[in-house]
Structures are given as C-alpha cells and as structure tokens.
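Thanks for asking me to look this one over. Here are my notes, point by point, to read alongside the coordinates.

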Amino acid sequence: MVLSPGSPVPSVFTYTNAISACKKSKQWQQALGLLTVMQEDECLPDVVTFNAAITACEKGRQWQMALQVLSQMQQFRVAPNVITYSACISACEKSKQWLQALGLLESMQRANLAPNVITYNAAISACEKGERWYHALGLLAVMHQSRFVPDVYSHNAAMSACEKAAEWQHALCLFAVMKSAPDIV
C-alpha cells in the first residue's frame, strides 16, 4: 500500500475494521485482498482479523476460501478459536458441505477447543442442508449429553433434516421435546 508522507500507518485494528466492513457487504474478495495487503505491509493479522476474513468468505458462500484462510492462520502461528471454527462450519453449511463441517467439528475438538451452541447449530444446519438427518440427530444428542442446552434453532434444523428425509416420526419426537422443555427458547 502506498501512503502519502505523513499519513498514519494502518494498524491491525484498522485493517480488521476494513475487513469487517467488507464482511458486512459480502465483499469476500475485497476482504481477502485487504488481508494480503496487510501482510505485504508487514502488519501481522490476529485472530480477530482472520475471523473477519473467514466470515466474509462465509457470507459470500466461499467455503473453500474460508478453509484457506483457516490454514493461513497456522502459517502465521495464530491459534484459531471457537469463533474461527464456527465461522468455517457455517461457511460449509451454506454450501451444503456437511462432511467438511463435521470434519471441522472434529478438528476443533482435537485442538482442545470446546464447541458452543453456535458451533453445534452450524453443524446441525450443515447436516440438514446436506439431507443427513441421522447426523443432525446425533449432534443434537451430543448437545443434550454435554453442558449445552440445544435452542430452538438446534431443534428446528434437526426437525427440518428429518422432514427432508420423510422421517416424520423423529420430527414429531423433537417437537414434543421442544414443547415439554421450558428452557428451549
């Protein structure tokens, strides 16, 4: 980036804000371009910067680019966090890449990062979009066994997966669970 004499040098915060602006407008190419310029300017991206770039790819339905940004993080020795993995899983979900989404969930757990409700919801939704009702129910069961309480989104995505597979009995069971559980909002 060419700066005029006396111009302030962009910081990691400045670049992150610009990438976030691109994210909100679904301008994933611009976001990735800024990430490249940032590195050329020897301004090291942090986890928040990478997360913004991944989310820009997710909004633009560019799951492969999101995964490339995730691998770039390793090159820069920036540790991904729960938000990173959730955004990557969501990018896969939007492109019906359920197997990739489940692989990311496993990678996350191997990295000793605990998924949260948002992570599970993205993975369940990926299974729903990929018409993998059995996997969606499996993830819902894992949530019930863990310390996370599945929310309305969790149950709706799992019910939708059952509906797409004509598994109406499972969908009705989920509905009954939702109705009887006061903590599902």
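1. **Confidence.** Please keep in mind that this is a predicted model. The chain averages a pLDDT of 90, and 94% of the residues score at least 70. Where is confidence highest and where is it lowest? Helix α5 (residues 82-94) comes out highest, at a mean of 97, while helix α10 (residues 168-180) is lowest, at 83.

2. **The length of helix α7.** Helix α7 covers residues 117-129 and has 13 residues. At 1.5 Å a residue, helix α7 should span 18 Å, and because its end C-alpha atoms are 18 Å apart, the model agrees with that expectation.

3. Is α7 enclosed or open? Ten of its 13 residues are buried, so α7 is largely enclosed by the rest of the structure. The buried residues include T119, Y120, N121 and A122 towards one part of the list, and also C127 and E128. The buried residues of α7 pack against α5, α6 (98-110), α8 (133-145) and α9.

4. **The two ends of α7.** At the start of α7, a side-chain oxygen of N116 reaches to within 3.0 Å of the backbone nitrogen of I118. After α7 comes E131, whose phi is positive, near 55 degrees.

5. **Positive phi in two loops.** As background, most residues other than glycine have a negative phi. E42 has a positive phi, near 60 degrees, and is not a glycine. E42 sits in the loop between α2 (28-40) and α3, and with a relative accessible area of 72% E42 is exposed. K96 is another non-glycine residue with a positive phi, of about 60 degrees. K96 belongs to the loop between α5 and α6, and its relative accessible area of 54% makes K96 exposed.

6. **A157 in helix α9.** A157 is part of helix α9 (residues 152-164). Is A157 buried or exposed? With a relative accessible area of 7%, A157 is buried.

7. N51 is buried, at a relative accessible area of 7%, and A52 is buried at 4%. Setting aside residues up to four places away in sequence, N51 touches N81, I83 and T84. With neighbours within four places likewise left out, A52 is in contact with I19, S20 and K23.

8. **Cysteines.** A disulfide is a covalent bond between the sulfur atoms of two cysteines. How many disulfides does the model have? The count comes to zero. For C88, the closest cysteine sulfur is that of C92, and because the separation is 6.9 Å, it is too far for a bond; the cut-off used is 2.5 Å. C173 is in no disulfide either, with the nearest cysteine sulfur, in C162, 9.0 Å away. C88 also counts as buried, at 0% relative accessibility.

9. **Aromatic rings.** A pair of aromatic rings is described by the distance of the centres and the angle of the planes. A search of the whole structure finds three aromatic pairs. One of them joins W133 and Y134, with 5.8 Å from centre to centre and 85 degrees between the planes, which is an edge-to-face arrangement. W133 is partly exposed, with a relative accessible area of 21%, whereas Y134 is exposed, at 61%.

Note on methods. Residues are numbered from 1 along each chain as its sequence is written. This is a predicted model: local features need pLDDT of at least 70, side-chain atom pairs count only at pLDDT 80 or more; totals for chains, interfaces and linings use all residues. Side-chain values use heavy atoms; hydrogens and water are left out. Buried means under 20% relative accessible area, exposed over 50%, partly exposed in between (1.4 Å probe, protein chains only). Helices (H or I, at least four residues) and strands (E, at least two) are DSSP runs, numbered from the N terminus. pLDDT is the predictor's confidence in each residue, from 0 to 100. The expected span of a helix is 1.5 Å times one less than its number of residues. Contact means heavy atoms within 4.5 Å. A polar contact is a pair of N or O atoms within 3.5 Å; within protein, one must be able to donate a hydrogen and the other to accept it, and residues adjacent in sequence count only if both atoms are side-chain atoms. Rings of Phe, Tyr and Trp (its six-membered ring) pair if their centres lie within 6.5 Å; planes under 30 degrees apart count as stacked, over 60 as edge-to-face and the rest as tilted.
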